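Subject: Structure handover

Hello,

Here is the structure for you to look over. Please open it next to this message.

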Amino acid sequence: GANGRVIITVLGPQTDITTTGTVQTWVAPAGINTIEVETWAGGGRGGSGTTTNQTLALGGGGGGGYSRSLLSVTSGTTYYVNVGSGSATGTTAGGDSWFSTTNVTGGSLVRAKGGNSVADNTASGASGGTSANTSGNAIGTVRFSGGNGANGSGTNGGGGGSSASPSSNGLVGSSNIGGSIAGGGSGGNGRTANNGPGLNGSIPGGGGGGAYKTGTNNPTGGNGANGKVTIHTFYNLSIAKTVTTTTPLVGTNVTFTITVTNNGTNNANGIVVTDVFPTGITYVSNTGTATFNTGTNTLTWNAGSLAPAATA
């Protein structure tokens, strides 16, 4: 029978970009022409109380949206990245996060939309960043919307909505508790019972919690959290193992050959292969740079780097 084959597609080194307030640059490394970009947008702010001598439960801010795409890039080319800031003032929405061919959002290849903020003295929670793929909105092969903020009610400010995750829409706050989701930023809790501010959302993109106001004090809503952009490179490797004989005599040598091939379009770096020896086989030596652990009966080979189509 013919030998089998195992194909391993691996996310290579990733770059997390979290700096807000200025457009960042990213240069495609040598040998890289395919990447995956993930974007989480900034969260919206929770509601604040500013009306004199009123008791108010304010709504929670909306969480930032999420978008991602697999992109073709050119080695050595400069691309532009913007990380959306969480909202900290008024009704300004959380900032969009994007990856672009230009230093403005107009050239975006991937874009996530920021969560909305709650107007002062407003009990209704704000909506999360939209996943709509219409003009000016989200861009990406995969898109999810941020969670809505919860309404302020009774003596509770509304919890902020969580950001979206890589696999689902964000979650709305439940009463005064911010929405929480794996892979995204949690919303901030709303203030309960006593006069005071809502809590800030968590990075990336959680919405701020709503304040609760009594008397003359003017508590502020929690700030939305900043977003994030992650850039992944890809490896596509295959590994094959052959043996000189499948029916060796006791006491004779057997030679295994392990071959790794880069089937992808990116340079693959830091390749490590491990091989567990079958029962009854005793290690003798290897012709490469591998090491053998007698305790675990495992060979470890640091195969290094492979260019596209190269074999080791």
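The model is predicted. Please read everything that follows with that in mind.

**Three-stranded sheet**

Start with the open sheet built from three strands, in the order β13-β15-β14. Its pairing is antiparallel. β13 covers 268-276 and β14 covers 291-293. Both stand at the edges with a single partner strand each, so one side of each has no neighbour in the sheet. On average, neighbouring strands here are turned by 25° against each other, direction ignored.

The β13 and β15 pairing is antiparallel and runs over seven bridges. Within it, I271 sits opposite G304 of β15.

**Four-stranded sheet**

A second open sheet has four strands, ordered β2-β6-β7-β8. Pairing is antiparallel here too. Which strands are at the edges? They are β2 (24-27) and β8 (108-112), and each pairs on one side only.

N82 has W98 in β7 as its bridge partner.

**Pairings of β11**

β11 spans residues 228-243. Six bridges link this strand to β3 (residues 34-40), and the two run antiparallel. T39 is placed opposite V229 of β11. β11 also pairs with β12, in the antiparallel sense, over seven bridges. In that pairing, L237 faces N262 of β12.

As background, strands of a sheet pair through backbone hydrogen bonds, in a parallel or an antiparallel way.

**A buried serine**

Next, S165. This residue lies in the loop between β9 (142-144) and β10 (212-213). Is S165 buried or exposed? Its relative accessibility is 1%. The cut-off for buried is under 20%, so S165 counts as buried.

What does S165 touch, leaving aside neighbours within four places in sequence? The contacts are Y66, F144, I181, A182, G183 and G184. F144 falls in β9, which covers 142-144.

**The largest pocket**

The largest pocket has a volume of about 740 Å³. Its lining counts 28 residues. Nearest the centre lie V254, T255, F256, F277 and S285.

Which strands each supply at least two residues of this lining? They are β12 (256-262), β13 and β15. Two of these have come up already: β13 and β15 pair with each other in the three-stranded sheet. β12 is the strand that pairs with β11.

How does the lining divide by residue class? There are 14 nonpolar residues, 13 polar and one charged.

**Where to look**

Then see S165 and its contacts, including Y66 and I181. Finish at the pocket, with F256 and F277 among the residues nearest its centre.

Best wishes

Methods: Residues numbered from 1 in each chain as written. Predicted model: local features only at pLDDT ≥ 70, side-chain atom pairs only at ≥ 80, totals over all residues. Heavy atoms only, no water. Pairing = 2+ DSSP bridges. Axes fitted to C-alpha atoms, helices over the stretch in contact; angles between N-to-C directions. Buried < 20%, exposed > 50% of the residue type's maximum accessible area, 1.4 Å probe, protein only. Contact = heavy atoms within 4.5 Å. 1 Å grid on protein atoms, 1.4 Å probe; cavity = no way out; pocket = protein on both sides within 12 Å on 5 of 7 lines; lining within 4 Å. Points joined across faces, edges and corners; volume = space filled by probe spheres on them. Nonpolar A, V, L, I, M, F, W, Y, C, P; charged D, E, K, R; others polar.
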